[in-house]
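Here are my notes on the model you sent over. Have it open beside you while you read, and go point by point.

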Amino acid sequence: MSTAPDSGQLMGMLLKLINAKKTIEIGVYTGYSLLLTALSIPHDAMIIAIDPNKETYEIGLPIIQKAGVEHKINFIESQALPVLDKLLQNLSTKYPDNEGSFDFAFVDADKENYLNYHERLLKLVKVGGLIVFDNTLWGGTVAQPEEAVSEDRKESRRSIIEFNNSVSIDQRIEIALTPSGDGLTICRRIR
């Protein structure tokens, strides 16, 4: 349940290529991708990390601390949509004027909300910035007939297919779907 190492390596390269300084991560789990992001961005950069389960984040926290990058992370224990909405409303005094100010976003959370996250993140990420979604091949189930997919994966599969179809025709972004890990969709905001 962690970002695949090859996907993480690609994300690290992307972060460095765009010189990301203000990032957001939705779905942290034990913090592997969060650690990778923190190690890939400059010393004075910041990450807003959102996850409803602080206990799993705390499993990886000692490693983040040992790496000396905890100061870059603002962990928010919450569902993501209310936090994203608050950021968009500029209600946060800590992060005023958020619209169009993020360089990079990474999403590895509930697949049913990928489209909702996408719409909000398109407002938060600047033109030229990247939004990366994990698990967009969903174990290969997106290419399988529905009857071949186990019941416990059908709803998420449907959501991922809907998301993939939507971003493939979204005129506000350029996309690349990479087969690394469980599928990584890289969206570059162009308008």
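1. The strands concerned are β4 (residues 102-107) and β5 (residues 125-134), paired in the parallel sense over 5 bridges.

2. Some ground rules before going on. This is a predicted model, where local features need pLDDT of at least 70 and side-chain atom pairs count only at pLDDT 80 or more, while totals for chains, interfaces and linings use all residues. Residues are numbered from 1 along each chain as its sequence is written, and side-chain values use heavy atoms, with hydrogens and water left out.

3. Now the sheet. Its 7 strands make an open sheet in the order β3-β2-β1-β4-β5-β7-β6, and the pairing is mixed. At the edges sit β3 (73-77) and β6 (173-178), each pairing on one side only. Ignoring direction, neighbouring strands are turned by 15° against each other on average. As a reminder, strands of a sheet pair through backbone hydrogen bonds, either parallel or antiparallel.

4. Is β1 covered on one face or on both faces? Both: Lys22, Ile24 and Ile26 are buried on one side, and Thr23 and Glu25 are buried on the other. That makes 5 of the 5 residues in β1 (residues 22-26) buried, where buried means under 20% relative accessible area, exposed means over 50%, and partly exposed is in between (1.4 Å probe, protein chains only). On the pairing side, β1 runs parallel with β2 (residues 46-51) over 5 bridges, and Lys22 has Met46 of β2 as its bridge partner.

5. α1 (residues 5-17) packs on α2 (residues 32-40) at an angle of about 30°, with the axes 9 Å apart. Axes here are lines fitted to C-alpha atoms, for helices over the stretch in contact, and angles run from 0 to 180 degrees between N-to-C directions. The two helices are therefore roughly parallel to each other (angles under 35 degrees count as roughly parallel, over 145 as roughly antiparallel, 65 to 115 as roughly perpendicular and the rest as oblique).

6. Who touches whom there? From α1 come Pro5, Gly8, Met11, Gly12, Leu15 and Lys16, and they meet Tyr32, Ser33, Leu36, Thr37 and Ser40 of α2, contact meaning heavy atoms within 4.5 Å. By class, the contact has 5 nonpolar, 5 polar and 1 charged residues; Ala, Val, Leu, Ile, Met, Phe, Trp, Tyr, Cys and Pro count as nonpolar, Asp, Glu, Lys and Arg as charged, and the others, Gly among them, as polar.

7. Have a look at Gly12 in α1. Gly12 is buried, at 6% relative accessible area. Leaving aside neighbours within four places in sequence, Gly12 contacts Leu36 and Ser40. Gly12 and Leu39 are 27 residues apart in sequence, yet 8.2 Å apart in space, C-alpha to C-alpha.

8. As for α2 itself, 7 of its 9 residues are buried. Those buried residues pack against α1, β1, β2, α3 (54-66), β3 and β4.

9. Over to α5 (residues 114-124), which lies across β1, β4, β5, β6 and β7 (184-189) and runs at about 155° to β5. The axes of α5 and α6 come within 9 Å and cross at roughly 35°. Tyr114, Leu115 and His118 of α5 make this contact with Ile160, Glu162, Phe163, Ser166 and Val167 of α6.

10. Most residues other than glycine have a negative phi, and most peptide bonds are trans. Tyr29, in the loop between β1 and α2, has a positive phi of about 50° and is partly exposed at 34%. Trp138, in the loop between β5 and α6, has a positive phi of about 45° but is buried at 14%.

11. Finally, Ser156 in α6 (residues 151-168). Ser156 counts as buried at 12% relative accessibility. Beyond its neighbours within four places in sequence, Ser156 touches Lys111, Glu112 and Trp138.

Definitions and conventions: Helix = DSSP H or I, 4+ residues; strand = E, 2+ residues; numbered from the N terminus. Pairing = 2+ DSSP bridges.
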